[in-house]
Amino acid sequence: MQKFSAWSLLKKSFGGHKGWQSQWRRATPKPEYDAIIVGGGGHGLGAAYYLAAEHGLTNIAVLEKGWIGGGNTGRNTTIIRSNYLFDESARLYDHSLKMWNDLAQVLNYNVMFSPRGVMMLAHTVHDVQVIKRHVHANRCNGVDNAWLTPAQAKEFCPPLNIDDNIRYPVMGAALQRSGGTARHDAVAWGYARAADALGVDIIENCEVTGIRRDANGAVEALETSRGLIKSRKVGVSAAGNTSVVLGLAGVRLPLESFPLQALVSEPIKPVFPCVVMSNSIHAYVSQSDKGELVIGAGTDAYTSYTQRGALHINAHTLEAICELFPMFRRMRMLRNWGGIVDVTPDRSPIIAKTPVQGLYVNCGWGTGGFKATPGSAHVFAWTIAKDEPHPINAPFTIERFRDGTLIDEAAAAAVAH
Amino acid sequence: MSQCRTETGGRIDRSRKLSFTFDGVQLYGVQGDTLASALLANGVHLVGRSFKYHRPRGFLGAGTEEPNALVRVIRDSARSTPNVRATSVELYDGLIAESQNRWPSLKFDVGAINDALSPLLPAGFYYKTFMWPRSAWHKLYEPNIRAAAGLGRAPEGADPDSYAQRFAHCDVLVIGAGPAGLAAAQTAARTGAHVMLCDEQAEFGGSLLDDPEALIDGQPSAQWLQGVIADLKARPNVTLLQRTTAFGYFPHNLIGLNERVTEHLSAPHQNLPRERLWQVRATEVVLATGAIERPLVFPGNDRPGIMLASAARTYLNRYGVRVGKRAVIVAGCDAAYAAALDLKAAGITIAAICDVRPSADGPAAARARAAGLAITTNTTILGTRGRLRVQSVRLGHLEISGSIRPGVTVACDTVLMSGGYTPTVHLYSQSRGKLRFDSTSHVFVPGTSAERERSAGACKGIDGLHAVLADGAAQGLSAAAATGFAGSPRHYTVVATETSGIGIPGALPQPGKTPPAKAFVDFQNDVTSKDLALATREGFESIEHIKRFTTTGMATDQGRTSGMNALGIIAKDFGREIPSIGLTTFRMPYTPTSFGILAGYARGDLFDPVRRTAAHDSAAALGAVFEDVGMWKRAWYFPKSSEDMHAAVERECLAVRNGVGMFDASTLGKIEVVGPDAATFLNRFYVNNWANLAVGRTRYGILLRDDGFVYDDGVIARIADDRFHVTTTTGGAARVFALMEDYLQTEWPDLKVWITSTTEQWSVVAVQGPRSRDVIAKLVTDIDISHNAMPHMSVANGRICGIPMMLFRVSFTGELGFEVNVPAHYGKAVWDALYEAGREFGITPYGTEAMHVLRAEKGYIIVGQETDGTATPDDVGLTWAIGKTKPDFLGKRAIARPAMTATGRKQLVGLLTLDPQVQLEEGAQVIATPKQPVPMTLIGHVTSSYMSSVLGHSIALAMIKDGRARIGETLYVPMPDGDIPVKVTAPVFYDAEGVRLNG
C-alpha cells in the first residue's frame with residue numbers, strides 16, 4: 001500500500017501525480033474464499049479489514065452488487081455519537097466512538113473525524129426527563145454526555161434560537177462533546193484500500209442470487225451474478241437488503257425498510273459549529289467541511305425500497321430547522337436524496353450468528369448505522385472469525401425478538417401523560 | 001450608456017435607468033436587465049472567485065447553467081441571500097450585490113495562493129494528508145479548510161419575509177415556455193383541457209428571446225410570441241406562471257414549483273410573500289425544459305471573458321449588450337456560427353473562428369463564410385492568457401498524423417465556445433424515467449417514461465425551431481388527448497437558420513495526454529481534466545465514485561455544464577463508450593430552492609397547531625403557566641403573586657388532599673367504541689376483562705403492543721351494552737386510535753365495531769378532594785351522587801347547570817373525586833361555574849405538576865414516565881388488571897416469553913431518601929453498592945421524584961431490577977457529587993388502604 005502523507009503528496013506532485021496507484025484492485029472472483037462479506041458498505045468493508053488485520057484471515061472477498069459505499073454509507077448525515085441509553089447500546093456505540101478517534105491513522109486515510117460535539121435538544125418537560133435519564137446513565141457508564149441549560153446551549157451553538165416565545169422553546173440540551181461527524185465516502189474507501197492491501201478482494205457489480213448449503217445445512221457457496229463462489233463463512237451486511245439475502249437461506253429477519261431522506265444547502269462560510277439534533281421536532285443539522293448545511297429528514301410512513309421519499313417529509317424537517325435557526329430561512333436546498341433504513345422492532349441492530357451454520361448477519365441499524373461503523377465491523381469480524389459473538393455484540397442476537405430480551409432504544413420515544 | 005450597450009435591439013427599456021451597486025461601486029443598468037447583463041453592459045466581467053483555487057471568474061452563461069457568477073444579493077440588513085446566480089437575478093433599482101469567496105478584494109484575493117499551490121492540491125488530496133499529529137485535524141487543519149471553503153455568507157438575522165404555499169391540479173402541466181412548451185400549452189389549451197404552463201424566467205419565450213430574426217407563421221418571433229401569450233392569457237382554462245421553477249418531480253406526477261413573487265421588485269409590498277410553493281398534481285406532464293450549451297475543455301478555459309457562445313448571443317439579442325470588442329470563436333458545434341454572425345453584425349471583431357472538427361459545412365457555417373468570416377477547421381486551443389480578463393488564445397492545429405502543430409497566438413478580449421447542446425433531462429430523470437444514450441449527438445435523451453409524462457423539443461434532443469415547434473404541438477395534443485380532450489394538430493411555417501446542436505463531448509485535443517495548464521470541467525468546484533484522470537488512475541471506476549472523489553458535478557449548478565464533458569473525458573481515459581460509464585442520479589431540486597418555501601407558513605404559533613382546551617382562557621385568567629404536551633397547552637401550575645413553581649404545587653396538592661381542587665382533564669384522548677362486538681373487541685385489545693363490566697361502571701384499562709409492553713392506559717366506561725367510552729393518555733390518543741383501526745381493518749375485519757375519536761367533543765373537569773361532592777352537588781341535577789348510588793368507578797348521565805353531562809366517579813389523586821364531561825363548547829362555562837360553586841370550599845385549580853405529585857403519592861403510574869416501552873404489566877405491578885380467563889389479547893403471547901418472566905426484570909418500587917429533604921433527580925440511576933467505579937453496575941433508575949407536601953418528605957418512584965424483592969434494602973443513587981442512599985419501599989406512599997377514595 002502506498003503511504004499517504006503530506007510528504008508522499010509533495011513527492012508525487014513533482015511527477016504530476018502520475019505515480020499514484022489504484023486505491024484498491026479491481027478483483028475478479030476466485031473460486032473459493034475463507035470468508036465472504038456480502039455488502040460493500042462501511043460495515044462490510046470494515047469487517048473484511050478486521051478479519052484480515054486482526055484474525056489472520058486473508059483469503060477474503062467483499063461482494064457488492066453496485067459500487068462500494070453507495071448505500072447508506074454514502075447517503076447518511078455522518079453524525080457520530082454514543083450517548084445511548086441502555087448499557088448494551090452504550091458499550092457498542094462507545095466502542096465505536098473510541099475507534100473513530102484514530103481511524104484515520106489506522107487506515108492511513110483521512111476520514112476527517114471531527115469531534116465537534118453533538119447536542120440533543122429538549123423542548124418539553126417530558127424531553128427533559130428522557131434526556132436527563134440518558135445523561136445520568138451515560139455518566140455512570142463512562143460515556144461522555146452533559147446537560148446544558150438553554151443559555152449554555154446557545155453559547156455552544158450561537159445560531160440556536162432559545163427564545164421563550166417559539167412554539168416549542170428549548171428547555172435544555174444534552175451535549176456529547178466527543179461526538180461529531182466524519183467524511184462518509186472516505187470511510188468506505190479507507191477500509192477498502194486497507195483491506196485490499198491485506199489481500200482482500202473487493203468485487204463490485206456482483207450480486208448474490210443464491211446461498212448453497214451442504215447436507216448438514218451449513219453454508220458452502222454463494223451463487224452470484226459473477227458465478228459460483230465457495231466459502232464456509234459468509235457475513236451479510238447489506239442493510240435493508242439483508243432480509244432479501246438471508247431469505248435465500250430461508251432465514252427470516254424482523255426487518256422493515258423505509259425511505260429516509262437527507263438534504264444539503266448550498267455551501268456557505270462557517271456558521272454552524274456543531275451537530276444539533278431535535279428528536280421531538282425532527283431536526284438534525286450540521287455543517288460540512290465544504291460548507292453545506294447537512295440536514296437529516298425523517299422516514300416515510302410506508303415501507304419501500306425506492307431510494308426517495310415524499311416532499312412533505314423534507315418540508316417538515318425544514319420547518320423545524322427554520323424555527324430553530326431563523327436565519328437559515330433564506331438558505332437554499334442544493335441537493336436532496338434518499339436512502340433505505342432497515343429497522344428492527346426495538347430499533348437496535350442485529351450482529352449475530354444465524355440459525356444457519358457459517359452464516360452471520362449484521363443489520364438493523366435503522367437511522368444510526370454510520371456512527372457504529374468501526375465498532376460494528378470490528379465485533380462482526382470477531383463473530384465471523386471465532387464463530388461466537390464478541391462480548392459487546394453478544395446481546396444483539398436475532399433470538400431476542402423471540403425471547404423478549406429487547407434493547408429498546410425507541411424507549412425514548414415514549415410519550416407523556 | 002456605456003459602449004458595451006447597443007443603441008437598439010433587445011428586450012430592454014433603455015429609457016428606464018436603474019441604479020445598483022456591485023462591491024460598493026455604483027453602476028447603472030436598464031429595465032429588463034439581469035444583474036449579469038447590467039454588469040456586462042458596464043464592462044464588468046470579473047465577478048467571482050472559484051471554490052478551491054480562488055481563480056478569477058467571469059460569466060460562463062446567461063441563465064441557470066451559470067457556475068461562476070455567484071453573488072450575494074442584499075436587500076437590507078435582514079434580507080441577504082448568498083450564492084445567487086447573477087444571470088438569474090432581475091435588476092431592480094437599488095439592488096446591492098457583492099462578490100463572494102474573496103479577501104480582501106475581488107481583484108486581489110489572498111486565497112488565490114491555492115492556485116499557486118495547486119500541484120499539491122489535486123482531487124482528493126485531503127484524504128491523503130492532515131493526519132499528523134492526530135488531534136491536529138480537528139484543531140488546526142479542519143478549521144482552516146472550513147474557513148477557505150464555503151462560498152457566500154449565511155444571512156445573519158431572522159428572515160422577515162413570508163412564504164406561501166398552494167396546491168393545484170391540472171390536466172396538463174407544461175414545464176418550460178420556450179417554443180416547444182408554448183406550442184404544447186397552446187395546442188393542449190385549445191382542446192379545453194386545464195393547462196398550467198410555468199417557466200423559470202421572467203419572460204416566456206425561451207430560446208425565441210435570443211432569436212429575433214426567426215419568422216414563425218410569417219411573423220417575427222417576438223410578435224408571434226406576443227400573440228401566443230395573449231391567446232393563452234385570454235383562456236380561462238390556462239394558468240400561466242412566470243418566474244416559476246419546477247424544482248422537483250415526485251411520484252404520481254406531483255411537481256413542486258417555486259414561484260418567485262417579489263424578488264424582482266424594487267419595493268415589494270409587505271403583504272406579498274417572497275416566494276410561493278406550488279404542489280401541482282398533473283394528470284399529464286409535458287417537459288419542455290430545453291437544452292444547455294456545453295463549454296469546451298481546454299487549458300485556461302476559465303478566464304473572465306471566456307463564455308458560452310449562446311450566452312454571448314443572449315446578452316446581445318436579449319439585453320443589447322456586447323460582451324467584448326474582439327472575439328475568438330471556438331466551435332465544437334454549429335451553434336457557434338450563429339453567435340459569430342450576430343456578434344459581427346453588432347460590430348464586434350471576430351478575430352478567429354476555430355472549429356475543432358475536420359469540416360464545417362452546415363448552413364450556419366456557410367452563412368458565416370458568406371459574411372466574410374474565416375473559419376479554420378481542425379483547430380484546437382492550447383492555452384489562454386490574461387489574469388482578470390482573457391487577453392489572448394494560442395491555437396493548435398490537428399495534423400492528419402494525429403499530432404498537434406502549435407499555431408499563432410490571437411489577441412482577444414472574449415472567447416466564445418460551443419461544445420454542443422445537452423438536453424435538460426433533470427426532471428425527467430427525477431421522475432425515474434430511463435435515459436437513453438444517443439450515439440449520434442453523444443448525449444443522453446429521454447427513453448422510457450416512468451410517469452404519465454412526455455418530453456418535447458430540445459430536451460429530447462430535437463434541433464431546429466420548426467422541428468421543436470412541431471414536436472411541442474404534437475406532445476401538447478397527445479397529452480391533452482390522454483386526459484380525454486381531443487383537438488386538431490397544429491402546423492407552423494418557420495424561416496430561421498437551423499443549426500444542429502450536435503457537438504463534441506470531452507476535452508479538446510492536446511499535445512500531451514494531459515494539458516500543462518488547468519483545463520476546467522467543473523468550473524465552480526475547480527475540477528480539471530487532470531483531476532478526472534487522477535481519479536481513474538486511483539481506481540475509481542464508477543461514475544458515482546469519480547463524482548464523489550473529484551466533486552465534479554457537486555457544485556451549486558449540479559453539473560449542468562460539466563456532466564457530459566466529464567463523462568467524455570472519463571470514457572476516453574478508460575477507452576470505453578460513454579453509456580458504459582453510466583450517469584450519476586439527478587437529484588431534486590433542479591435549481592437551489594429556498595428553505596423558506598418548504599417551511600412555508602409553519603413558523604411561530606403556526607409551526608405546529610396549538611391545541612387549547614375549552615377552559616384554556618379561564619385557566620390563563622387564573623394565572624396558569626402552561627406546558628406543551630403533544631400539541632396541547634396544558635396548565636402546568638397556577639402560581640399566586642410571588643409563588644414559585646414549588647410553592648404553587650405544594651399549595652395545590654394540599655388543597656386537593658384537605659379540601660377540593662379542580663383540574664382540566666380535557667386533553668385526555670377519548671374514543672367511542674360502538675357496536676354489537678364492542679366488548680369482544682376491547683377484550684381482545686386491552687388486557688382486562690370487559691365482558692363482565694356492567695353498564696354504568698368503569699374500569700382502568702391497560703393496552704399492550706404485540707411485543708407485550710405497556711403502550712397506553714386509561715379508564716374505560718361502559719355506557720351501554722354496545723357502547724364504551726375509552727379514554728387514553730393525552731399523547732397516546734392518536735396512536736391508540738390508529739392501532740384500533742389497524743386491528744379492526746386488518747386482523748379482525750369480522751367484528752362489528754365502529755370507533756370515533758371524541759377527544760375534542762368533550763370537555764372534562766376533574767373535581768377532586770374530600771369536598772368535591774359538596775361542590776358538584778350544587779350544580780348537578782338528574783343524578784344521585786351519593787356514595788351508594790354512585791360508588792367509585794361508576795358513570796352516569798345527568799345535567800350540570802342544566803347542560804347534558806356524563807359524570808364519572810373516578811380518581812387519579814386517591815381522593816374522592818369526580819370527572820365532569822360536558823360537550824366541549826360548554827367547557828368554559830362549566831369550568832367557571834364549578835370554580836364559582838367551589839369558592840365557599842376554597843376550590844383550588846391545580847395543574848399537571850400537582851396532578852403528577854398526587855398520583856405519585858398513590859403510586860399510580862404514568863405511561864411514558866414509569867414505563868418506557870420496555871415495561872410489562874407485571875413490571876409496573878399491574879398483573880391484577882389482566883383478565884385471567886380470556887383466551888387471548890394483544891400482547892398475551894409476548895408476555896409469556898422467557899425473558900418477560902425471568903428474574904432480573906426492572907420492577908416498580910418506591911424510593912425514600914434517607915435524608916427526607918433530599919429530592920432525587922428524575923432519570924438518576926440506581927446502584928446496589930456505593931462508590932462504584934465507572935462503568936457502574938446499574939440496576940435501575942428513578943422515574944418520578946417529588947417533594948410531597950402532605951407527607952412532609954420527598955418521594956420517588958423507580959424501576960429497579962427485582963425491585964419488589966428488594967423492599968427494605970438500602971440502595972444508592974450515584975450523582976456527580978456522591979452517592980445518595982435510598983430505602984426501597986412499596987410504590988404507594990399515602991393512604992395505602994385506599995379509604996379516602998370512598999369519602
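Student: Which residue is the bridge partner of B:Ile216 in E11(B)?
Tutor: B:Gln219. Keep in mind that this is a predicted model.

Student: How do E10 and E11 of chain B pair, and over how many bridges?
Tutor: Strand E10 of chain B, residues 215-216, pairs with E11(B) in the antiparallel sense. There are 2 bridges.

Student: What sheet are they in, and what is the strand order?
Tutor: An open sheet of 3 strands in chain B, ordered E11-E10-E29, with antiparallel pairing. Its edge strands are E11 (219-220) and E29 (494-495), and each pairs on one side only.

Student: New topic. Which residues touch the most other members of the largest nonpolar core?
Tutor: B:Leu35, B:Phe59 and B:Tyr315. That core has 165 residues. Helix H7 of chain A, residues 184-197, gives the largest share, with 8 residues.

Student: What is B:Tyr315 in contact with, beyond its neighbours within four places in sequence?
Tutor: Its partners include B:Phe59, B:Leu40, B:Met307 and B:Val323. B:Gly61 and B:Thr87 are also among them.

Student: What other core lies apart from that one?
Tutor: One of 70 residues. Among them are A:Ala27, A:Val125, A:Ala249 and B:Val649.

Student: Now chain A. How many helices and strands?
Tutor: Chain A has 11 helices and 19 strands.

Student: Why call chain A as compact as a globular protein of that length?
Tutor: Because its radius of gyration is 22 Å, close to the 22 Å that the globule rule gives for 417 residues.

Student: What percentage of chain A is buried?
Tutor: Buried residues make up 69% of the 417.

Key: Residues are numbered from 1 along each chain as its sequence is written. Chains are lettered from A and ligands numbered from 1 in the order in which they are written. This is a predicted model: local features need pLDDT of at least 70, side-chain atom pairs count only at pLDDT 80 or more; totals for chains, interfaces and linings use all residues. Side-chain values use heavy atoms; hydrogens and water are left out. Two strands pair if DSSP finds at least two bridges between them. Helices (H or I, at least four residues) and strands (E, at least two) are DSSP runs, numbered from the N terminus. A nonpolar core is a set of buried Ala, Val, Leu, Ile, Met, Phe, Trp, Tyr and Cys residues joined through side-chain atoms within 4.5 Å. Buried means under 20% relative accessible area, exposed over 50%, partly exposed in between (1.4 Å probe, protein chains only). Contact means heavy atoms within 4.5 Å. The radius of gyration is taken over C-alpha atoms; the globule rule is 2.2 Å times the number of residues to the power 0.38.
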